[in-house]
Every structure is written in structure tokens, then in C-alpha cells.
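Biologist: I want to know what backs the labels put on this fold. Take me through them briefly.

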Amino acid sequence: MKFFVDTAEIDQIKELNELGMVDGVTTNPSLIAKSGRDILEVTKEICSIVSGPVSAEVTALKADEMIAEGRKLAKIAPNIAVKVPLTWDGLKACKVLSDEGNMVNVTLCFSANQALLAAKAGATFISPFVGRLDDINLDGLDLIADIRQIYDNYGFKTQILAASIRSVNHMSECAKIGADVATAPASVIKAMANHILTDKGLAGFLADIEKAKIKIL
Ligand code: G3P
């Protein structure tokens with residue numbers, strides 16, 4: 001499973017990228033607003049750090065305006081994936097931008113039917129929001145499994161980009177189901193390294209290092 005980091009914070013992207021943990025980046029208007037930076041400028045900087053796909057989201061609601069915005073975003077760098085919302089106009093924009101050779105990420109997906117439409121419109125990525133379904137007492141991971149089954153049934157090439165990932169369990173469950181990509185905040189990716197037994201085991205080793213005065217350098 002590929003890891004995308006869901007942020008527009010340069011420091012976080014650099015830190016994970018140096019460890020080889022970043023296969024791509026996703027941003028959205030909320031993350032751009034949080035960064036306090038200009039969308040074109042910050043997106044360009046991210047694209048210069050990361051070689052994989054960098055999602056940049058349109059702001060318009062009408063298809064023709066989304067297409068114009070998408071074309072402008074795509075000019076930032078060759079690794080831009082234009083992000084459009086899963087509305088009827090978003091699907092129209094997806095079809096046009098995909099046919100022009102751009103990567104397109106269709107976001108705000110909350111149902112298997114929406115994912116089916118995005119695949120037929122030529123989306124490179126579909127972004128089902130796991131955490132936000134969990135928030136309303138539905139099972140976001142069930143949606144990832146349903147889309148996996150549907151895409152595999154028909155050989156759709158659209159990649160499942162599990163989004164709104166909130167926990168380390170979401171990450172491992174998405175990997176078990178077979179999501180192609182999970183996009184998560186840097187904090188979630190870093191928390192995957194934690195285990196209480198690792199901490200306990202290390203404390204025991206440190207005590208014995210001290211007792212036996214073990215020295216390597
Ligand atoms: O990838 C989409 C993500 O930014 C939304 O996450 O936690 O606000 O639902 P969240």
C-alpha cells in the first residue's frame with residue numbers, strides 16, 4: 001500500500017520523505033487554509049520535494065470552471081493530481097481532465113455507487129472518506145472493501161485512495177483490505193511505529209546495558 005501524507009506542512013512532508021515514507025501528498029482547501037500559504041506557491045514547493053502524485057483541489061462548483069482551474073493546477077508540475085469533488089459536475093470535469101492526460105483524484109466519496117461513477121469517468125484515484133463515515137456511525141472500512149470488490153470485479157484501474165484516515169488501525173485495516181493508497185496525517189504515519197511492548201522491551205534492555213556496562217563506541 002502506498003502512503004500519501006495528508007498535509008500542506010512542508011516540514012512534515014520533508015521529515016517523512018527523507019525516510020522513504022511518502023509516495024505522494026494530498027491537500028485540500030482546509031489543509032491549504034491551515035498552512036496560511038498561497039495554494040499555487042505551497043503546491044509548487046511540495047511538488048519540488050515529492051516525486052509522486054500531489055493532489056491539489058479545485059475551488060469551483062461548475063464543471064467548466066473546475067476544468068479551467070484543473071488545467072491551471074496541472075501546469076504547476078507534472079506530478080499534480082487535480083482533485084475534484086464527487087458531484088455530477090466534478091465527474092464531468094474528471095472525464096475532460098483525464099482525457100487530456102491529467103491525473104485526477106475524485107474526492108468526498110461516501111458510497112460504492114459514487115466510486116463506480118468515478119471509475120467510469122476515468123479517475124486516477126477515488127478518495128473514500130473512512131473517518132467521516134465512522135463519525136456518523138457507519139463503517140468507513142466497509143466502504144473500502146466494497147469498492148475493492150467492485151473495482152476488482154470489472155478490472156477498473158482507478159486506485160483506491162483511502163482518506164480521512166484517523167488511526168493506526170485504519171492504516172492496517174486498509175492495507176489488509178487492499179486499498180492501493182492510504183492518505184493520513186503525519187502524526188498517524190509516525191504513530192504506526194509505536195508499540196507498548198517495544199517500549200517495555202527497550203526499558204529492560206537499557207537496564208541491562210547499565211548493569212553490565214555494555215559499550216559499543
Ligand atoms: O483526506 C481527507 C482528509 O483531509 C479529511 O480528513 O479527518 O477531516 O475527515 P478528516
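Modeller: A crossover is right-handed if, with the strands pointing away from the viewer, the path from the first strand over the helix to the second runs clockwise. Keep in mind that this is a predicted model.

Biologist: Which elements make a right-handed β-α-β unit here?

Modeller: Strand β7, helix α9 (residues 168–177) and strand β8 make that unit.

Biologist: How do you know that β7 and β8 pair?

Modeller: Pairing needs at least two bridges. Two bridges join β7 (residues 159–162) to β8, and the strands run parallel. Therefore they count as paired. Ala162 stands opposite Ala182 in β8.

Biologist: What pairs with β8 over four bridges?

Modeller: Strand β1 (residues 2–6), also in the parallel sense. Phe3 has Ala182 as its bridge partner in β8.

Biologist: What makes both faces of β8 covered?

Modeller: Buried means under 20% relative accessible area. Val181 and Thr183 are buried on one side of β8, and Ala182 and Ala184 are buried on the other. In a regular strand, side chains alternate between the two faces of the sheet.

Biologist: Turn to α8 (residues 140–154). Which residues are buried there?

Modeller: Gly140, Leu141, Leu143, Ile144, Ile147, Arg148 and Tyr151. They lie on the same side of α8, because they cover an arc of only 150 degrees around the axis. Their cover includes β5, α6, β6, α7, β7 and α9.

Biologist: What caps the N-terminal end of α8?

Modeller: Asp139 does. One of its side-chain oxygens lies 3.0 Å from the backbone nitrogen of Leu141. The cut-off for a polar contact is 3.5 Å, so this pair is within it.

Note on methods:
Residues numbered from 1 in each chain as written. Predicted model: local features only at pLDDT ≥ 70, side-chain atom pairs only at ≥ 80, totals over all residues. Heavy atoms only, no water. Buried < 20%, exposed > 50% of the residue type's maximum accessible area, 1.4 Å probe, protein only. Expected span 1.5 Å × (residues − 1). Arc of directions from axis to C-beta. Contact = heavy atoms within 4.5 Å. Polar contact = N/O pair within 3.5 Å; in protein donor to acceptor, adjacent residues only side chain to side chain.
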